[in-house]
Amino acid sequence: MNIAVIGVGYVGLVTGAVFADLGNMVICVDSHEDRIEKLRKLEMPFYEPGLEEMVTRNVEAKRLAFSTDTDTAVRRSEIVFIAVGTPAQEDGGTDLSQVEASAAAIGRAVNDYKIVVNKSTVPVGTGDLVKNIIERFKPKDVEVEVVSNPEFLAEGTAISDALSPDRIVIGAPSKRVAMKLIELYSALEKPMVVTSVRSAEMIKYASNAFLATKISFINSVANLCEKTGADIEEVTRGVGLDERIGSRFLRAGIGYGGSCFPKDTESLLYVSRKFGEEMTLVSEAIRINKQQPYRLIEKAEKALGGLKGKTIGALGLSFKPGTDDLRDSSALAIVARLIELGARVQAYDPMAMEKCKPLHPEINYCDDAYAAAAGADALMTLTEWNHFKQLSFPRLKEVMKSAFIFDGRNIYNPDTVRAAGFKYYGIGRESEG
Ligand code: NAD
């Protein structure tokens with residue numbers, strides 16, 4: 001099939017590359033000229049495992065191309081995906097300006113029947129908005145159908161998630177269009193859920209809000225564990241093995257972040273209030289999450305007798321391992337707060353430092369974890385990159401000024417760390433008095 005994808009961010013680029021890899025002819029369009037220029041030279045705009053290889057393979061096979069010309073891309077395609085950003089507004093609502101601009105551009109470009117598929121995460125009812133905007137601009141005698149096909153991929157595992165999703169949700173306004181989308185996705189051989197457009201839009205928010213609530217739930221259990229002497233790692237193992245609950249998204253830590261959970265929970269809450277059906281459970285999940293990063297700082301303040309003038313080694317900046325994305329990163333929130341409190345931060349992240357430099361030029365960026373620990377009063381693990389789990393404690397102790405570890409991701413065994421002569425503070429487990 002001929003496909004256009006509007007928006008070459010994490011979702012659009014991965015979607016375009018995967019559809020091309022499945023044998024379709026794909027043009028990815030972005031208004032960001034520099035991004036398109038770089039992609040034409042096979043330079044990726046962000047780090048995502050396996051993406052560069054897949055993009056290169058499909059560009060070389062001439063199944064994947066990049067352009068800033070929405071008109072041409074739309075005209076030559078049967079299916080047009082919208083995968084632009086939907087950031088949060090100040091009031092928690094969703095800024096739909098990129099979606100609206102895409103819809104207007106599609107409306108101006110269409111010349112014959114098109115299926116427009118919205119992959120961006122958008123509040124329930126946005127399908128109708130997109131349809132209305134396209135109707136306003138398109139020729140009267142041309143039919144356009146608007147589908148909601150929310151994306152569930154996660155950064156860091158985006159390619160494998162897109163190739164092997166748990167389910168594909170198709171919110172279709174007609175049987176004809178549902179069949180076309182089923183045909184497109186059939187190569188993946190995964191379960192497909194066909195719904196109304198509005199249900200599909202809601203499925204995305206309900207899924208993300210549920211996962212975010214699960215994280216906040218276990219974080220509040222962790223906080224109680226600290227007061228009661230229980231250990232959250234033992235508790236989550238015991239709880240998560242219950243198949244009704246499951247162990248995924250049940251890790252205590254410094255709270256969820258990233259470009260989706262924070263904004264999507266706020267957006268769902270905003271919509272629920274708008275419809276007079278406030279989701280207080282989501283509101284509480286958000287509240288817990290906002291406090292969670294600062295609990296680690298409070299532990300450090302107490303243990304070190306204040307943070308002013310202290311040097312803190314920060315391991316990790318991205319919101320999770322496997323990505324260089326810093327959007328709403330809890331790790332970054334902690335680093336920013338440490339700086340506010342007068343600490344000097346020396347940080348190491350294997351992927352996110354280049355993106356962080358313009359945001360926080362005051363951080364001392366280091367070449368590796370040991371350099372971040374050198375001369376530090378304390379070390380904080382903020383993103384659970386795999387190789388942080390294998391650091392040598394004797395070597396860390398040798399280079400650090402004082403032997404304190406604040407493990408924001410519970411990646412270490414407290415006994416091992418203590419046996420190496422450190423004072424250890426984790427989340428939801430026994431800390432030094
Ligand atoms: P992003 O910000 O990384 O990328 C959006 C891209 O759209 C940018 O490159 C921007 O230049 C481009 N763009 C904006 N307006 C445009 C226009 N009018 N014409 C052409 N290009 C335009 O966003 P993202 O992280 O890929 O997210 C896209 C959507 O998918 C959001 O709604 C997000 O909530 C959702 N989503 C994201 C993820 C994720 O992990 N990032 C996962 C699932 C769903």
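Helices here are DSSP runs of H or I with at least four residues, numbered from the N terminus. Their axes are lines fitted to C-alpha atoms over the stretch in contact, and the angles run from 0 to 180 degrees between N-to-C directions.

A quick word on the model: it is predicted, so local features need pLDDT of at least 70 and side-chain atom pairs count only at pLDDT 80 or more, while totals for chains, interfaces and linings use all residues. Residues are numbered from 1 along each chain as its sequence is written, and side-chain values use heavy atoms, with hydrogens and water left out.

Two packed helices are described by the angle between their axes and the distance between the axes. Here are the pairs that involve α12:

| Pair | Angle | Axis distance |
|---|---|---|
| α9 (residues 197-228) and α12 (residues 280-304) | about 45 degrees | 9 Å |
| α11 (residues 261-274) and α12 | about 145 degrees | 9 Å |

Handedness comes next: a crossing is left-handed if the near helix is turned anticlockwise from the far one by less than a right angle, and right-handed if clockwise. α12 passes α13 in a right-handed crossing. In that contact (heavy atoms within 4.5 Å), P293, Y294, L296 and I297 of α12 meet S330, A333, I334, R337 and L338 of α13. These split into 7 nonpolar, 1 polar and 1 charged, where Ala, Val, Leu, Ile, Met, Phe, Trp, Tyr, Cys and Pro count as nonpolar, Asp, Glu, Lys and Arg as charged, and the others, Gly among them, as polar.

α9 and α12 cross left-handed. Residues making this contact include S216 and N219 of α9 and I288 and N289 of α12, and by class the contact has 5 nonpolar, 7 polar and 4 charged residues.

The α11 and α12 crossing is left-handed. There, T265, E266, L268, L269 and R273 of α11 meet V282, S283, I286 and K290 of α12, giving 4 nonpolar, 2 polar and 3 charged.

**The ligand**

The ligand is surrounded by 27 residues, the closest being D30, T86, T121, E155 and K263; a residue counts if one of its heavy atoms lies within 4 Å. An N or O atom in the T86 side chain sits 2.5 Å from a ligand oxygen, and a polar backbone atom of V11 is 2.9 Å from a ligand oxygen.

Technical notes
Helix = DSSP H or I, 4+ residues; strand = E, 2+ residues; numbered from the N terminus. Polar contact = N/O pair within 3.5 Å; in protein donor to acceptor, adjacent residues only side chain to side chain.
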